Amino acid sequence: MNQGPNASIGTQRLFVWLAIAGALLFAFAWIALMRFFPPPPADLPADQVAALYSAHNVRFRIGVILALIAGGFLVPLSIVISVQMARLERGIPIWAILQGLTGAIGSAFIWLPAVAWAVAAFTPERAPELTAIFHEFAWLMFITPLSLFPMQLLGIIYIAFTKEEPDNVSAFPRWLGYLTAWQLVQSFGGPMAVLFKTGIFSWNGLLPFWLPLSLFGAWYAAICWTLLRALRCQRAAD
Amino acid sequence: MRRGGSDLMQDSSAVSPRGHIPGEAGVWLLIFGEMSFFTALFASFLHARNGDVAGFAAGQAQLSRTIGAVNTLLLLTSSLFVAKGVGAAQQGDTIRAPRMFALGLACGLGFILLKGVEYAGLFARGIAVTSHPFFAYYFGLTALHLGHVLIGSGLLAGLTAATRRPLAKPSHFALMESAGCFWHMVDLLWIVLFPLLYLVA
């Protein structure tokens with residue numbers, strides 16, 4: 001029975017697939033049921049905001065339920081990333097700890113907005129201004145918090161550039177380091193949405209929404225792929 | 001993008017007679033990606049400007065071309081220092097290389113300082129992001145660029161510290177060149193931003 005560091009490879013693979021399935025389920029709920037793609041304009045009047053939640057109220061709430069179930073998808077992914085980082089660190093794996101903790105806490109900003117969206121949809125007959133408050137709360141919480149994500153990315157970048165193992169078997173090839181660095185640099189557009197209600201800097205605009213979202217999608221797909229490839233190589237070497 | 005790159009690279013490019021691409025493939029993913037993102041933002045600015053040419057011109061008239069031009073000069077100069085620094089480090093010059101990177105960093109910090117002066121001047125005249133769409137773009141685009149300058153300055157500070165000793169591995173050289181390329185990109189983006197925001201008539 002293998003008791004070495006590679007004993008958990010099967011579980012790690014399962015975690016990556018959980019993260020993929022969770023992200024897809026969340027995307028389905030958010031796009032198909034909550035109909036938030038493309039996002040509602042940030043300058044929408046309160047009565048139209050309220051209509052977003054009352055028009056297909058039950059469908060919307062089912063979407064929220066699925067989003068709440070799937071919303072933790074970043075956690076298993078962060079754990080596998082951390083385990084893979086720890087393999088490559090010397091001594092106490094502090095970069096892996098930083099990445100895992102920030103990934104886990106940061107994932108709250110994916111499912112917490114879903115709770116606020118649930119509140120907005122919960123009492124469709126209330127005054128529109130009250131619904132609009134939770135609508136804004138949810139959207140700003142979803143788009144703008146950048147408190148943890150850059151720190152999560154830092155460790156991945158560091159490992160990609162300092163590791164000793166070859167790129168073609170690594171979970172963190174150098175190109176992923178650069179892709180992650182790009183993600184880090186571009187993520188600063190998000191908080192700008194606090195200042196703008198219209199145009200490319202608003203929460204439905206090019207900078208806080210479209211560019212980071214497409215980049216996050218590419219980054220997420222890329223790291224899932226490199227993790228699965230690295231796990232395959234580690235199992236073969238075992 | 002790399003001034004003086006070809007002669008600096010001669011001794012390190014012995015492996016490849018076709019010439020040496022600075023940095024590594026990955027950093028060009030980042031650089032071309034960034035440039036296409038910024039191109040989308042520039043296109044969006046020009047599109048908005050076409051809808052309100054007079055309003056955008058009035059906003060532009062509030063900006064200080066002098067500060068903008070000095071900042072352009074600062075970034076161009078810093079790019080030159082960085083290119084010299086990369087060359088010096090490749091020749092193992094542990095005195096000249098950190099000095100060049102420190103000079104490049106000083107220019108970058110000067111840019112940041114002047115940007116602060118410029119913002120403060122506009123705020124003092126009651127101009128804010130919400131004043132007019134022109135200023136939404138002006139503050140949004142320059143702040144985003146300023147974020148890049150800050151990150152780049154961090155990289156230059158790192159290079160200043162790292163090149164005091166000879167670089168040990170090929171990957172260290174690749175990283176240094178990549179950081180240099182990033183700084184040249186920050187410079188290049190400003191060279192597009194400056195005429196777009198300050199000069200286009």
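1. About 1,000 Å³ of space lies in the second largest pocket of this predicted model. A pocket here is an open set of points on a 1 Å grid over the protein atoms alone, where a 1.4 Å probe fits, with protein on both sides within 12 Å along at least five of seven lines. Grid points are joined across faces, edges and corners, and the volume is the space filled by probe spheres set on the points.

2. The second largest pocket has 37 lining residues; lining means an atom within 4 Å of a point. Nearest its centre are A:I110, A:F142, A:P212, A:L213 and A:F216. α10(A) gives the largest share, 10 residues. Helices are DSSP runs (H or I, at least four residues), numbered from the N terminus.

3. The lining of the second largest pocket has 28 nonpolar and nine polar residues, and no charged ones. Ala, Val, Leu, Ile, Met, Phe, Trp, Tyr, Cys and Pro count as nonpolar, Asp, Glu, Lys and Arg as charged, and the others, Gly among them, as polar.

4. The largest pocket has a volume of about 1,300 Å³. It is lined by 41 residues, with A:I157, A:Y158, A:F161, A:T162 and B:L175 closest to its centre.

5. Both chains supply helices to the lining of the largest pocket: α8 (149–162) and α9 (174–186) of chain A, and α2 (25–51), α6 (133–162) and α7 (170–199) of chain B, each with at least two residues. α8(A) gives the most, eight residues. By class, this lining has 27 nonpolar, seven polar and seven charged residues.

6. Residues are numbered from 1 along each chain as its sequence is written, and chains are lettered from A in the order in which they are written. The model is predicted, and totals for linings use all residues.

Methods: This is a predicted model: local features need pLDDT of at least 70, side-chain atom pairs count only at pLDDT 80 or more; totals for chains, interfaces and linings use all residues. Side-chain values use heavy atoms; hydrogens and water are left out.
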